[in-house]
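Hi everyone, thanks for coming. Let me put the structure up, and then I'll walk you through a few spots.

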Amino acid sequence: MPEITREQVAHLARLSRLAMDDDELDGLAAQLDVILGAVAQISAATDAADVPPTTHAVPVENVTRPDLVVPSLNRDEVLAGAPAAEDGRFRVPRILDVE
Amino acid sequence: MSDLTRLTAVETAAAIADGQASAVEVAQAHLDRIAVVDGAVHAFLHVDAKGALAQAARGDAGELTGPLAGVPLALKDVIVTRGVPTTAGSRILEGWRPPYDATVTERLRTAGVVVLGKTNMDEFAMGSSTEHSAYGPTSNPWDLTRIPGGSGGGSAAAVAAYEAPLAIGTDTGGSIRQPAAVTGTVGVKPTYGGVSRYGLIAFSSSLDQAGPCARTVLDAALLHEAVAGHDPRDSTSIDAPVPPVVEAARKRDVTGLRVGVVKELSGEGYEPGVQERFDEAVELLQELGATVTEVSCPHFRFALPAYYLIAPSEASSNLARFDSVRYGLRVGDDGAASLEEVMSATRAAGFGAEVKRRIVLGTYALSSGYYDAYYGQAQKVRTLITRDFTSAFESADVLVSPAAPTVAFPIGAKVDDPLAMYRQDLATIPSNLYGGPAMSLPAGLSEGLPVGLQVMAPTMRDDLLYQVGGALEAALHDRWGGPLLASAPELEV
């Protein structure tokens with residue numbers, strides 16, 4: 001059923017925020033073809049048509065907890081694990097002024 | 001005591017409680033064992049000798065109580081540990097020291113367990129051989145040229161190589177049970193929601209479940225009891241008493257128990273040697289007084305494709321958090337590159353091939369136009385698989401099958417063939433999709449390598465696994481004249 005092109009993989013990689021060169025895109029396109037070919041047999045489960053989907057193995061609904069103030073994670077410890085921090089905040093590359 | 005590393009967890013705790021050995025001596029014996037053999041096995045990504053000895057000293061000072069006080073454990077590197085490196089087997093988290101403990105980590109500390117370090121795994125738990133670790137593969141202690149299973153190959157190998165009597169693994173499609181099967185150890189995936197996922201780095205949230213790895217069924221039960229139970233920090237955690245797993249492991253009686261052999265979990269894809277050991281173990285269960293019947297679960301043949309749509313879909317969403325901002329790696333931040341460029345470059349450099357493959361596959365399965373045919377259909381099939389279980393449990397108390405279709409294969413044999421690797425999980429995936437508990441325990445050898453038998457039970461009947469496992473293990477030990485691991489060749493280090 002599926003026929004995955006390099007352009008499709010490039011689009012998916014962009015959506016997934018994964019930089020890939022042409023070799024990687026071609027390699028992945030071929031692998032996805034094989035994997036999707038195998039998983040496509042799921043369409044043969046024709047008796048699934050009228051069945052409700054399962055999103056979760058154990059049904060749980062409206063789980064709430066008391067609205068209590070509890071200590072947050074230590075800010076300095078959290079920022080110590082970040083790739084870049086400044087003035088007690090995460091430092092990010094520019095997000096405005098792109099193009 | 002002659003060799004503290006050969007004791008079971010129960011024996012270790014007793015030796016400490018009776019004053020035959022101190023907790024520090026026990027911890028040191030295991031750290032020494034790791035120093036000798038782990039160069040060859042590579043079960044550990046990080047050994048926390050200082051933390052382990054400090055916790056053991058607390059035990060010797062009488063500050064730790066409980067049935068596992070002073071017992072060493074190896075923790076899969078997907079469970080976060082405050083101040084101790086946690087990578088999930090990925091470059092993208094190299095050097096990260098989490099600012100908090102997982103609930104499992106906390107409960108282990110409270111139970112007096114001594115955490116020796118963090119174990120190797122397929123990156124983000126995606127794999128069946130531990131070859132997809134960014135830090136190199138783990139070897140199977142039975143044969144160092146072979147895989148220890150995956151994703152929790154490090155935890156299983158640590159236990160099989162006597163580097164720790166206990167380990168924690170996580171099981172999304174078989175990552176506790178398949179490694180247990182191919183290393184001759186015991187591994188249990190508890191009921192989904194039975195053990196808190198708070199602090200378990202998420203792969204596929206509707207399937208992930210942490211559980212025990214051990215050398216005996218009773219040891220696994222004690223560890224299961226120590227980490228299980230409701231946790232308000234995990235909204236999917238089940239608010240009900242933990243099933244009586246320790247009591248069940250001690251029962252050693254299966255008289256009148258109805259055991260269903262799943263017809264669909266045999267035949268094509270299962271090695272003859274695996275099938276033979278399985279058939280013999282089922283016969284033994286019958287001799288022990290169980291009633292054995294064949295049951296059919298016709299939708300299990302769709303379990304593998306359903307899993308390889310659901311798990312990558314959830315992974316593609318979960319792994320979005322590795323954004324080069326809050327933790328881990330950042331690549332290409334030269335002041336000119338945009339956030340999106342830095343993010344894409346970081347994820348390209350930080351994720352391995354299998355993780356990228358699954359993220360892209362999941363993104364595809366969730367895309368508009370394909371959603372109904374793939375993800376939507378997989379979720380419906382999940383319902384059908386659950387119905388198969390429910391109907392099978394009307395005529396059987398537990399279901400059994402081989403745990404893995406093959407014995408441990410050579411390192412490198414399947415690493416370039418994703419589909420062949422995925423088929424390792426043929427028998428284990430159904431329980432993840434259903435949510436029920438399942439165990440793998442040693443059933444014997446084929447070609448000199450361990451074979452595992454899987455027991456599956458209804459949700460929140462984890463005790464049934466231990467009842468069957470405990471009885472079968474005792475009978476098999478009688479037959480073999482001791483545990484299967486005793487027949488493993490000495491490690492060549």
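Here's one to start: which residue stands opposite B:Val262 in β8(B)? B:Val295 does. Before going on, a word on the source: this is a predicted model, where local features need pLDDT of at least 70, side-chain atom pairs count only at pLDDT 80 or more, and totals for chains, interfaces and linings use all residues. Residues are numbered from 1 along each chain as its sequence is written, while chains are lettered from A and ligands numbered from 1 in the order in which they are written.

Strand β7 (residues 258-262) of chain B and strand β8 (residues 291-295) of chain B run parallel, joined by five bridges; strands pair if DSSP finds at least two bridges between them. Helices (H or I, at least four residues) and strands (E, at least two) are DSSP runs, numbered from the N terminus. From β7(B) the chain passes through helix α9 (residues 272-287) of chain B to β8(B), a right-handed β-α-β crossover, that is, clockwise from the first strand over the helix to the second with the strands pointing away from the viewer.

Over to chain A. The axes of helix α1 (residues 6-15) of chain A and helix α2 (residues 22-39) of chain A cross at roughly 100° and come within 9 Å. Axes are lines fitted to C-alpha atoms, for helices over the stretch in contact, with angles from 0 to 180 degrees between N-to-C directions. So α1(A) and α2(A) are roughly perpendicular, the word for 65 to 115 degrees.

Finally, the two chains together: 47 residues of chain A are in contact with 59 of chain B, contact being C-beta atoms, placed from the backbone, within 7 Å. On chain A's side, α2(A) gives the most, with seven residues.

Methods: Parallel < 35°, antiparallel > 145°, perpendicular 65-115°, else oblique.
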